[in-house]
Amino acid sequence: MLLTVLSWSISLLAASCGAKLPDPEVKVEVLHRPFLCHRKSKYGDMLLVHHEGYFENGTRFHNSRSDDNQQPVWFTLGIKEVIKGWDKGLQDMCAGEKRKLIVPPALAYGKEGKGKIPPESTLTFIIEVMEIRNGPRSHESFQEMDLNDDWKLSKYEVKEYLRKEFERHGYPPNDTLHENMMEDIFAKEDENKDGFISSREFTYKHDEL
Ligand SMILES: *[C@@H]1O[C@H](CO)[C@@H](O)[C@H](O)[C@H]1NC(C)=O
Ligand SMILES: *[C@@H]1O[C@H](CO)[C@@H](O)[C@H](O)[C@H]1NC(C)=O
Ligand SMILES: [Ca+2]
Ligand SMILES: [Ca+2]
């Protein structure tokens with residue numbers, strides 16, 4: 001639901017809270033790589049994954065194949081929609097590839113932990129990428145939004161995009177809401193305040209990782 005819109009707003013939120021510490025590494029092991037690989041995952045792509053999560057003692061705390069909903073999940077790579085260990089450890093993957101990630105607490109749920117994850121947990125994930133798609137920050141997405149092909153997004157174009165995304169996901173259009181979201185997007189993304197989002201301003205900023 002509203003995946004692209006949401007991941008966009010999530011990336012906006014993520015951009016505003018950037019405390020920097022030297023990052024420990026995630027340990028990556030490729031368990032299976034398909035023979036054919038048409039494209040490899042990169043920052044900004046949307047990935048559909050099945051995943052299992054294990055504590056250090058070997059107890060499994062999550063399995064997307066057997067838990068209640070039994071659904072693989074979509075997320076956007078590299079925008080802190082998921083834990084950092086995933087953003088770092090799931091690059092350059094092919095559809096059908098399976099990896100094991102060993103993620104230190106600093107790249108997972110840290111000192112606080114979260115839900116059933118205790119503080120300072122090193123976590124192991126087995127992750128299989130089912131599908132890779134262009135994310136909201138791709139060149140293709142920009143072109144799709146740029147209705148008059150002038151290489152910048154006007155407020156009208158952004159609002160149209162939001163309206164279409166809502167429609168596509170079966171939500172009723174809501175002008176007030178689209179207007180607010182659009183203003184919010186421009187406040188954060190239109191860095192030089194010229195009333196347009198240029199392709200440079202739009203493109204995801206890689207230095208956040
Ligand atoms: C394994 O670790 C988790 C998290 O610390 C804990 O909840 C679970 O009870 C442990 N399981 C065993 C068998 O020790
Ligand atoms: C439209 O969005 C505004 C702002 O979020 C909200 O207050 C209002 O209830 C929404 N209207 C409808 C019909 O959903
Ligand atoms: Ca335009
Ligand atoms: Ca601008």
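This report covers an annotated domain, a helix pair and a ligand shell in a predicted model.

An unreviewed UniProt entry places the feature "domain: EF-hand" at residues 133-168 and 177-209. Take the span 133-168. Its end C-alpha atoms lie 17 Å apart.

**Helix pair.** Helix H4 covers residues 155-168, and helix H5 covers residues 175-189. The two pack at an angle of about 125 degrees. Their axes are 9 Å apart. An angle over 145 degrees would count as roughly antiparallel, and 65 to 115 as roughly perpendicular. H4 and H5 are therefore oblique to each other. Their crossing is right-handed. On the H4 side, the contact is made by Lys155, Val158, Lys159, Leu162 and Arg163. H5 contributes His178, Glu179, Met181, Met182, Ile185 and Phe186. By class, the contact residues divide into six nonpolar, one polar and four charged.

**Ligand shell.** Around ligand 1 stand Phe55, Asn57, Thr59 and Pro118. Two of the shell residues are nonpolar, two are polar and none is charged.

The table sets out the residue classes of the two sites.

| Site | Nonpolar | Polar | Charged |
|---|---|---|---|
| Contact of H4 with H5 | six residues | one residue | four residues |

Key. Residues are numbered from 1 along each chain as its sequence is written. Chains are lettered from A and ligands numbered from 1 in the order in which they are written. This is a predicted model: local features need pLDDT of at least 70, side-chain atom pairs count only at pLDDT 80 or more; totals for chains, interfaces and linings use all residues. UniProt positions are given in the numbering used here, feature names are shortened, and annotations may be inferred rather than shown by experiment. Helices (H or I, at least four residues) and strands (E, at least two) are DSSP runs, numbered from the N terminus. A residue is near a molecule or strand if its C-beta atom, placed from the backbone, lies within 6 Å of it. Ala, Val, Leu, Ile, Met, Phe, Trp, Tyr, Cys and Pro count as nonpolar, Asp, Glu, Lys and Arg as charged, and the others, Gly among them, as polar. Axes are lines fitted to C-alpha atoms, for helices over the stretch in contact, and angles run from 0 to 180 degrees between N-to-C directions. Angles under 35 degrees count as roughly parallel, over 145 as roughly antiparallel, 65 to 115 as roughly perpendicular and the rest as oblique. A crossing is left-handed if the near helix is turned anticlockwise from the far one by less than a right angle, and right-handed if clockwise. Two residues are in contact if their C-beta atoms, placed from the backbone, lie within 7 Å.
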